[in-house]
Amino acid sequence: MKTKLTLAMEATLYAYCREAGAFAVEEVTMPDDAGIVDTLSYQELADKSIEWRCYELKVTKSDFHSKAKLSFVGHYNYFVLPLKLYQEVADEIPAHIGVLIYRPFDPEMLATATEAPTTPGYLTVTRPPRRQDLQVPESELTTRFIASQAREVGKAKQMATGLKQYSTEHLYQELKKRHQHYDVYDPDANFYDQFIDDTQSAAVTALQSEVDALNLERHELQDQLKERRP
């Protein structure tokens, strides 16, 4: 399971990539046993060339020292770290690897903000990366990038179906945990009906925009690839 901090960093990095004009997707499996990239971004430059960036997110020192393969296969590659962890491992980071530092927004400042931020924190470039040649064929990156986007669209659509995402056994277990709230004679306190209504309406409302955005990105990427083919 991902920690709350990891999820916050992922959301902030995704917004960071989008603001830079790049498409991004999480957990992309690389070919030739090159591991899994935590976040991979794709961006078409003014000269029509493609730039690939890989991001590895680490939240603890043990996570940083994990034996899991680091998939720094892009033109530019980064560690994304909380400030405290960066201070502990800065000397261990290779010179060609960039570093983005994650900082959460100050709760006191948020309380006085006129507009709520769209991300839980922000990123700053502490160390810029050095460009390298791609470590895997670009065609493989493209194929796996599109496949990962399709996976995320599928997950979002599955969530948007509300109760259909639950198996009968799972639904029974969830309702059994809340059986003390069930009152067949009081519709306002009938947790079963509330559970159905809330799950269906909240899931569809919250995730429909994400489904639309992911589908749009996927179509735009496919159009760009068609234009580049001879």
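**Aromatic pairs and their surroundings**

Author: Of the chain's 230 residues, 40% count as buried. Keep in mind as we go that this is a predicted model. The chain has seven helices and six strands, and from the N terminus the order of elements is α-β-β-β-α-β-α-β-α-β-α-α-α. Among contacts with a separation of 6 or more, 56% are between residues 24 or more positions apart.

Now to the rings. The structure holds eight aromatic pairs. Take Y55 and Y78: the ring centres are 4.9 Å apart and the planes sit at 10°, and since planes under 30 degrees apart count as stacked, that's what this pair is. Y55 belongs to strand β3 (residues 50–57) and Y78 to strand β4 (residues 76–82), so the pair links distant parts of the chain, 23 residues apart.

F105 and Y122 make a tilted pair, because their planes are at 35°, with the ring centres 5.6 Å apart. F105 comes from the loop between β5 (98–104) and α4 (107–112), while Y122 is in strand β6 (residues 121–127), so this pair ties together parts that are 17 residues apart in sequence. Here we're looking at partly exposed residues: F105 has a relative accessible area of 27%, and Y122 is at 36%.

Then there's a cluster, in which ring pairs link F23, Y42, W52 and F145. That takes us into the largest nonpolar core, which has 18 residues; Y42, W52 and F145 are among those with the most contacts inside it, along with M30, L40, V73 and L141. The elements giving two or more residues to this core are β1 (23–29), β2 (36–44), β3, α5 (138–159) and α7 (191–228).

Leaving aside neighbours within four places in sequence, W52 is in contact with L40, S41, Y42, G74, H75, Y76, L134, E138, L141, T142 and F145.

Together with α1 and β2, β3 supplies at least two residues each to the lining of the second largest pocket. About 320 Å³ of space lies in that pocket. Its lining has 16 residues, and D38, E56, L57, K58 and D63 lie nearest the centre.

Since α1 has come up, let's finish there. Helix α1 (residues 4–19) has 16 residues, which should span 22 Å at 1.5 Å a residue, and the end C-alpha atoms are 23 Å apart, which agrees. The buried residues of α1 are T6, A8, M9, E10, T12, L13, Y14, A15 and C17. A15 is at 17% relative accessible area, so it counts as buried. From A15 to T118 is 103 residues in sequence, but 8.4 Å in space, C-alpha to C-alpha. After α1 comes G21, with a positive phi near 85°.

Definitions and conventions:
Residues numbered from 1 in each chain as written. Predicted model: local features only at pLDDT ≥ 70, side-chain atom pairs only at ≥ 80, totals over all residues. Heavy atoms only, no water. Phe/Tyr/Trp six-rings, centres within 6.5 Å; stacked < 30°, edge-to-face > 60°. Helix = DSSP H or I, 4+ residues; strand = E, 2+ residues; numbered from the N terminus. Buried < 20%, exposed > 50% of the residue type's maximum accessible area, 1.4 Å probe, protein only. Expected span 1.5 Å × (residues − 1). Core = buried A, V, L, I, M, F, W, Y, C linked by side-chain atoms within 4.5 Å. Contact = heavy atoms within 4.5 Å. 1 Å grid on protein atoms, 1.4 Å probe; cavity = no way out; pocket = protein on both sides within 12 Å on 5 of 7 lines; lining within 4 Å. Points joined across faces, edges and corners; volume = space filled by probe spheres on them.
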